[in-house]
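Subject: Structure handover

Hello,

Here is the structure I said I would pass on. My notes on it follow below the model.

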Amino acid sequence: MARQTLDQKLAILSDAAKYDASCASSGSTRRHSRDGKGLGSNEGSGICHAYTPDGRCISLLKILMTNFCIYDCSYCINRVSSNVPRARFSVDEAVRLTIEFYRRNYIEGLFLSSGVIRSPDATMSDMVQIARKLRHEENFRGYIHLKTIPDASPDLIAEAGRLADRLSINVELPTDSALAQYAPEKKPEHIRRAMANVRMARDANKERTFTGKRPPRFAPAGQSTQMIIGADGSNDATVLRQSTRLYASYRLKRVYYSAFSPIPDSSAKLPLIRPPLEREHRLYQADWLLRFYDFGLDEITSVTRDGNLDLDIDPKLAWALAHRGVFPLDVNRASRELLLRVPGFGIKTVDRILATRRHRTLRFEDLLRMGAAMKKARAFVTAGGWTPGSLTDSADLRARFAPPPEQLALF
């Protein structure tokens, strides 16, 4: 095998990292200034965007340490039986790359994952060494997100938590049976045990010692996980039930949903086409409703018969259309809990409504100024000078929101 340059390794390992949804910059068109027009580029290898807890968007170097792997997970492009170009960063190369990108102001942090080489402990040890060198030798104060390996030693994961801002451990698939079928070398109980250890370490970090001092910080940005959607037959109700359990059991910051992408030479057990990206989008919307809008799981997933979310309309609108008897709501009287269920009303809009209506009666124009999406909400609310009349119960109300039908191509 010919010796690879650092640029060649970066091209391979940044591309291999794109399947991890834990930080992403998808959806942007490619732009550059090589033609002399404009300034800057969004095509840098391995650079993705993520959001900090205070809402800032930051650029991260998103790479795998290596795409060599001893596991043979059916759904993974980097499985041991896959015929893909392979590369591996040494510890010093990964550190140098991060620092050089940081000094050039390309990035504000590092997202580091890896295939498993030799053993989980050997791989995790190298990843920890990269983070340790960045923190202690290079005095790197930027953001670090480490993908941890469940079967690695608890001591290594503990050190990773002291060095990184966020840890993540992938549950891979929505059910234990799916994991046994597609990734038999990975054990669900080991994944859950590692996530539980991270949660307990974070909880212990919040307790002061008898001298009043706090212990060293541990993954202050929390832990997250990722599920691949569409590789097995799990419906959205199963996916969201697993997410709800994970949030409650391990106090996760985020569950990321990644639509399965068909890969070359894959197992016959896997689907030949990827699920629609709308499914991934609807799962994120439903996840948000469960966490911040006080919706129950059954409320969201019982709208359709098969337990899957409606791909044409968002989950809140689907619920509202199925429960028209609740509407229209008077924005000057309805409770916060009910206002949060109005399509087109977000948390900030509802809080503005509650604050303003204490002083005066709200009109339709006021709701527009508050940022409410009244094109969607107007069928479900009444306000000063506005009533939807028969619109709420009209037979074609869903058609007003659903996308128009498209002619499918034969080829």
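**Pockets and cavities**

The second largest pocket is lined by Gln-285, Trp-288, Leu-289, Tyr-293, Asp-314, Pro-315, Lys-316, Pro-343, Gly-344, Phe-345, Gly-346 and Lys-376. Please keep in mind throughout that this is a predicted model. The space in this second largest pocket comes to about 270 Å³. Two elements, helix H8 (277–292) and helix H10 (315–322), each give two or more residues to its lining. H8 gives the most, with 3 residues. By residue type, the lining of the second largest pocket has 6 nonpolar, 3 polar and 3 charged residues.

How many cavities of 30 Å³ or more does a search of the whole structure find? The search finds 1. The largest cavity holds about 60 Å³ of space. Its lining consists of Ile-300, Val-303, Thr-304, Asn-308, Leu-309, Asp-310, Ile-313, Asp-314, Pro-315 and Ala-318. Of these lining residues, 6 are nonpolar, 2 polar and 2 charged.

**Helix packing**

Two packed helices are described by the angle between their axes and the distance between the axes. Two contacts are given here in that form, and both involve H2.

Helix H1 (residues 6–16) packs on H2 with the axes 12 Å apart and at an angle of about 90 degrees. H1 is therefore roughly perpendicular to H2. On the H1 side the contact is made by Leu-6, Lys-9 and Leu-10, and on the H2 side by Glu-93, Arg-96, Leu-97 and Phe-101. The residues of this contact between H1 and H2 comprise 4 nonpolar, no polar and 3 charged.

Helix H2 (residues 91–103) also meets helix H3 (residues 120–137): their axes come within 9 Å and cross at roughly 40 degrees. H2 therefore counts as oblique to H3. The crossing of H2 past H3 is right-handed. From H2, the residues in contact are Val-91, Asp-92, Ala-94, Val-95, Thr-98 and Ile-99; from H3, they are Asp-126, Gln-129, Ile-130, Lys-133 and Leu-134. Sorted by type, the contact of H2 with H3 has 6 nonpolar, 2 polar and 3 charged residues.

Regards

Conventions: Residues numbered from 1 in each chain as written. Predicted model: local features only at pLDDT ≥ 70, side-chain atom pairs only at ≥ 80, totals over all residues. Heavy atoms only, no water. Axes fitted to C-alpha atoms, helices over the stretch in contact; angles between N-to-C directions. Helix = DSSP H or I, 4+ residues; strand = E, 2+ residues; numbered from the N terminus. Parallel < 35°, antiparallel > 145°, perpendicular 65-115°, else oblique. Left-handed = near helix turned anticlockwise from the far one by under 90°. Contact = heavy atoms within 4.5 Å. Nonpolar A, V, L, I, M, F, W, Y, C, P; charged D, E, K, R; others polar. 1 Å grid on protein atoms, 1.4 Å probe; cavity = no way out; pocket = protein on both sides within 12 Å on 5 of 7 lines; lining within 4 Å. Points joined across faces, edges and corners; volume = space filled by probe spheres on them.
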